[in-house]
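Open the model in your viewer and keep the selection tool at hand.

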Amino acid sequence: MAETELQIGEVASQTGVSIDTLRYYEKRRLLGRARRSSGGFRLFLPEAIERVQFIKQAQGLGFSLTEIGGLLATGGAEECRKVRDLLQRQVRELDDRLKAMKAFRRILAKHLSACEGELKRHGESACCPVVAGGKRRKTKESGVR
């Protein structure tokens, strides 16, 4: 075994993925075919660590393994356009999710403010405005709020 080559267990340990995951990536051709030692062990070049880290990072960003395979493929201008289009689509989807999350955050902040106001005004006799929804709060003075 050359000093620069790593056994599958070493790659798994350094990247935080299982040996089975590395075998699967190899089968899916996300990793190049590992050379075999005389004992039949898979031997990976150090670049495999960077590649696995990229795959995990891309998965974390929502890319499928098929899409990641497209990102890892080498090719000319046509392949580059495909990658660009894929990245543009992912950016749009991420922007849409961020927009939805910001809108949801505004709703949560509004509910939080309503709860805080109710607790401040009524203390232990507070009626949660979020849980009560459209129901009116009964008061001692008028019977209905």
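Begin by selecting α2 (19-27), α3 (47-60) and α5 (77-122): these are among the elements that cover the buried residues of α4. Helices here are DSSP runs of H or I with at least four residues, strands are runs of E with at least two, and both are numbered from the N terminus. This is a predicted model, in which local features need pLDDT of at least 70 and side-chain atom pairs count only at pLDDT 80 or more, while totals for chains, interfaces and linings use all residues. Residues are numbered from 1 along each chain as its sequence is written, and side-chain values use heavy atoms, with hydrogens and water left out.

Now select α4 itself, residues 65-72. Which of its residues are buried? They are L65, E67, I68, L71 and L72, where buried means under 20% relative accessible area, exposed over 50%, and partly exposed in between (1.4 Å probe, protein chains only). Look down the axis of α4: the buried residues fall within an arc of 155 degrees, so they line one face of the helix. The arc is taken from the directions from the helix axis to the C-beta atoms. An α-helix has 3.6 residues a turn, so residues three or four places apart point the same way.

Next, select R42, in strand β3 (residues 42-44). R42 has a relative accessible area of 18% and is therefore buried. Its side chain makes a polar contact of 2.5 Å with that of E26; such a contact is a pair of N or O atoms within 3.5 Å, and within protein one must be able to donate a hydrogen and the other to accept it, with residues adjacent in sequence counting only if both atoms are side-chain atoms. Show the surroundings too: beyond neighbours within four places in sequence, R42 is in contact (heavy atoms within 4.5 Å) with L6, Q7, I8, R23, E26, A34, R35 and R36.

Then go to the cysteines. The whole structure holds zero disulfides, a disulfide being a pair of cysteine sulfur atoms within 2.5 Å. C115 is partly exposed at 21% relative accessibility, and C128 is partly exposed at 32%.

Finally, select the whole protein chain, which has six helices and three strands. From the N terminus, the order is β-α-α-β-β-α-α-α-α. Of its 145 residues, 26% are buried.
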